[in-house]
Amino acid sequence: MKPSHATSSDIAFTPTVKAIQSRKGSRAAYAGMEQRGGWRTAIDPELAAFVEHTRSFFLATANSEGQPYVQHRGGPPGFFRVLDNQTLGFADFKGNRQFITTGNLEDNPKAFLFLIDYALQRRIKIWGTAKMVEATPALLSRLLPEGYRARPEQIVLFEVEAWDVNCPQHIPQRFEADDVARVLAKRDARIAELEALLAARDET
């Protein structure tokens, strides 16, 4: 979907936001960014690589009255996929069945994704529109992680309008438990190997 704004960042930088930027002294820097083309509007290799390794993100929607709602979605690497240069998709697994996001998107398709990688201290913001569609066999074959024990309820398709990489300040560095376990297992195997070599030397 092509952005309907004169500059892609206008999706977030409303006149009110720009006025505040002017008062706070940051408008000139962002005006320069806008003159250079603004935020990216298509899924490029950088965003695709980030999505490919994403295990957790947040999806924000708002209902017809403007009431916001944020929902967490997670899964193994590969549960969140790039479908084409404008579309992201994922299987919406069965949960508490409140269907707040589903209802919000029926009333208001505007949506926002917040992706964060704690290990790399990096975050990406994505604006666009989203919709829930039926979990057809064709879509599930592309979006359902192999071997992942979860029941898909429906499919979420997200059309990107603009995205931006946030500054890494104040992101605490954290690591996934299974990543830490792999590193520790490798270390322990190396220690065992060295201990075996030392024991063999002592025997000789």
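A residue is called buried when its relative accessible area is under 20%, exposed when it is over 50%, and partly exposed in between, with a 1.4 Å probe and protein chains only. Helices (H or I, at least four residues) and strands (E, at least two) are DSSP runs, numbered from the N terminus. The structure is a predicted model, in which local features need pLDDT of at least 70 and side-chain atom pairs count only at pLDDT 80 or more, whereas totals for chains, interfaces and linings use all residues. Residues are numbered from 1 along each chain as its sequence is written, and side-chain values use heavy atoms, with hydrogens and water left out.

The model contains an open sheet of seven strands in the order 2-1-5-6-7-4-3, with antiparallel pairing. Its edge strands, strand 2 (68-74) and strand 3 (80-82), each pair on one side only. From one strand to the next, the twist averages 30°. Two strands are taken to pair if DSSP finds at least two bridges between them.

Strand 6 (residues 122-133) is mostly covered, nine of its 12 residues being buried. Strand 6 pairs with strand 5 in the antiparallel sense over eight bridges, and Leu115 has Ile124 of strand 6 as its bridge partner. Four residues separate the strands in the hairpin of strand 5 and strand 6, where Gln121 takes a positive phi near 50°. Strand 6 also pairs with strand 7 (residues 152-166), again in the antiparallel sense, over 11 bridges. Here Ile124 stands opposite Val165, and Ile126 stands opposite Trp163.

Strand 7 is joined in turn to strand 4 (residues 87-93) by seven antiparallel bridges; Leu88 stands opposite Phe158 in strand 7. Elsewhere in the sheet, seven bridges join strand 1 to strand 2, and these two strands run antiparallel. In this pair, Ala62 stands opposite Pro68 of strand 2.

Helix 3 lies across strands 3, 4, 5, 6 and 7, and runs at about 80° to strand 6. Contact means heavy atoms within 4.5 Å. Axes are lines fitted to C-alpha atoms, for helices over the stretch in contact, and angles run from 0 to 180 degrees between N-to-C directions.

The largest pocket holds about 470 Å³ of space. A pocket is an open set of points on a 1 Å grid over the protein atoms alone, where a 1.4 Å probe fits, with protein on both sides within 12 Å along at least five of seven lines; lining residues have an atom within 4 Å of a point. Grid points are joined across faces, edges and corners, and the volume is the space filled by probe spheres set on the points. The lining comprises 18 residues, of which His53, Ile116, Asp117, Tyr118 and Glu176 lie nearest the centre of the pocket. Helix 3 (45-52), strand 1 (56-62) and strand 5 (110-117) are the elements that give two or more residues to this lining. Strand 1 gives the most, with three residues. By class, the lining divides into 10 nonpolar, three polar and five charged residues. Ala, Val, Leu, Ile, Met, Phe, Trp, Tyr, Cys and Pro count as nonpolar, Asp, Glu, Lys and Arg as charged, and the others, Gly among them, as polar.

Most residues other than glycine have a negative phi. Arg97, although not a glycine, has a positive phi of about 60°, and Phe99 likewise has a positive phi, near 60°. Arg97 is partly exposed, with a relative accessible area of 44%, and Phe99 is partly exposed at 35%.
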